[in-house]
Amino acid sequence: MNETSAISALIKRQASEAGFDLCGIAPATDSRELQYFPEWIEAGHAGEMKYMEARDEQGSLKRASLSRVAPWARSVVACAINYNTDHPYSIEVREPNRGWISRYAWSREDYHDAVLRRLKRVEAALHETVCDSQPELITRSYVDTGPIVERVFAKYAGVGWIGKNTCVINQKIGSWLFLGVILTSLELTPDVPAPDRCGTCTRCIEACPTDAIVEPYQLDSNRCISYLTIEKRGSIPEDLRAGMGHQVFGCDICQDVCPWNRKAPVTNAPEFFPREGLVNPALDWLAEMSAQEFRDTFRGSPVRRAKLSGLRRNALIAIGNSGELGLLPVSEKLIFDQDESVSECARWAQVRLQRSKEHSS
Ligand code: SF4
Ligand code: SF4
């Protein structure tokens with residue numbers, strides 16, 4: 001085994017010891033998938049997520065080219081950890097007075113912190129190993145926050161293929177994966193890219209309630225419930241609200257239906273076990289939540305990203321979709337809420353519930 005292979009093997013051992021379920025190495029090159037990124041942005045599919053459009057001084061999209069944004073990088077170490085827990089999938093649960101928070105957001109610790117802590121361990125071990133032979137070694141660890149499309153490098157590192165639902169899927173573990181990457185100036189031994197195993201399956205495309213997967217492997221964020229419930233501020237287009245069903249933060253449907261998640265194992269990491277009350281939460285609780293309760297409940301949680309206003313708005317849309325007449329008083333009360341997007345959705349929910357009442361009588 002030459003030195004490059006030995007260091008590559010050591011990184012993978014360290015990743016496993018740090019608690020990652022998967023680790024692979026990709027060359028730091030600009031692949032075919034990254035070349036499509038400008039088109040995706042140009043088509044407006046990123047919605048209001050302006051950070052996706054970050055550009056360098058020459059005006060080029062940072063995420064479209066690792067070679068421009070980190071010209072020193074030679075390899076990308078892609079790591080993944082399973083966050084699945086032993087709880088039902090969103091499509092298996094139908095309690096009309098309850099909503100759904102995406103699986104990844106249940107965790108006790110913010111996944112950015114949990115994954116970054118592990119990456120830092122691997123990074124430190126790498127520096128320790130090569131400090132004599134490579135004193136100039138550069139490394140950078142990223143979890144979601146870097147100018148890099150992690151899932152593309154995860155594919156080329158053999159961690160998993162990018163499914164038609166645009167998630168990284170591993171043949172053995174499925175797609176409930178948090179990804180993190182370490183860019184390094186070291187030339188490492190690359191792994192073989194993961195082959196696409198979607199085949200003729202189209203379950204995710206058919207199951208998506210808002211037709212957000214506009215074609216296989218192409219997501220229009222403007223239609224995606226995940227984007228609408230987390231990133232979109234203010235009003236949500238009315239034609240998409242019915243499709244949002246009971247989703248109040250994120251959406252798991254295209255992963256729930258994926259056959260590769262049918263036997264997804266459960267995580268070994270206790271920090272990803274759910275916080276009290278977040279699995280299938282009560283809609284009235286969310287819609288009427290106070291600022292203090294929001295802070296206490298979601299301290300260090302990705303749910304904070306939606307902000308209290310967004311979460312309450314989403315809960316009211318879910319109430320409008322619930323058909324649950326017992327929630328009518330909640331929507332009636334919140335029509336007078338000071339938050340414009342909350343009061344507007346409360347009115348919308350009230351009308352929907354009254355219609356359900358008329359139909360049922
Ligand atoms: S997350 Fe939900 S809305 Fe978005 S593509 Fe998947 S199924 Fe559709
Ligand atoms: S549901 Fe089918 S098409 Fe969609 S990601 Fe899974 S395997 Fe691929």
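Glu109, Arg117, Arg118 and Glu271 form a network of salt bridges, a salt bridge being a side-chain nitrogen of Lys or Arg within 4 Å of a carboxyl oxygen of Asp or Glu. The model is a predicted one, in which local features need pLDDT of at least 70 and side-chain atom pairs count only at pLDDT 80 or more, while totals for chains, interfaces and linings use all residues. Residues are numbered from 1 along each chain as its sequence is written, chains are lettered from A and ligands numbered from 1 in the order in which they are written, and side-chain values use heavy atoms, with hydrogens and water left out.

Helices (H or I, at least four residues) and strands (E, at least two) are DSSP runs, numbered from the N terminus. Glu271 is buried at 14% relative accessibility, whereas Arg117 is partly exposed at 43%; buried means under 20% relative accessible area, exposed over 50%, and partly exposed in between (1.4 Å probe, protein chains only).

The whole structure holds 14 salt bridges. Another of these joins Glu33 and Lys155 (2.6 Å, N to O). Here Glu33 belongs to helix α2 (residues 32–42) and Lys155 to helix α5 (residues 150–156), 122 residues apart. Glu33 is buried, with a relative accessible area of 17%, and Lys155 is buried as well, with 14%.

Arg103, in the loop between β3 (100–101) and α4 (111–130), is buried yet has no salt bridge. The nearest side chain of opposite charge (Lys and Arg count as positive and Asp and Glu as negative; His and the chain ends are not counted) is Asp252, 4.9 Å away. The side chain of Arg103 does make a polar contact with that of Asn84 (2.9 Å); such a contact is a pair of N or O atoms within 3.5 Å, and within protein one must be able to donate a hydrogen and the other to accept it, with residues adjacent in sequence counting only if both atoms are side-chain atoms.

Finally, the ligands. The residues around ligand 1 include Cys208, Cys224, Cys251 and Cys254, and those around ligand 2 include Cys198, Cys201, Cys204 and Cys258; in each case a heavy atom of the residue lies within 4 Å.
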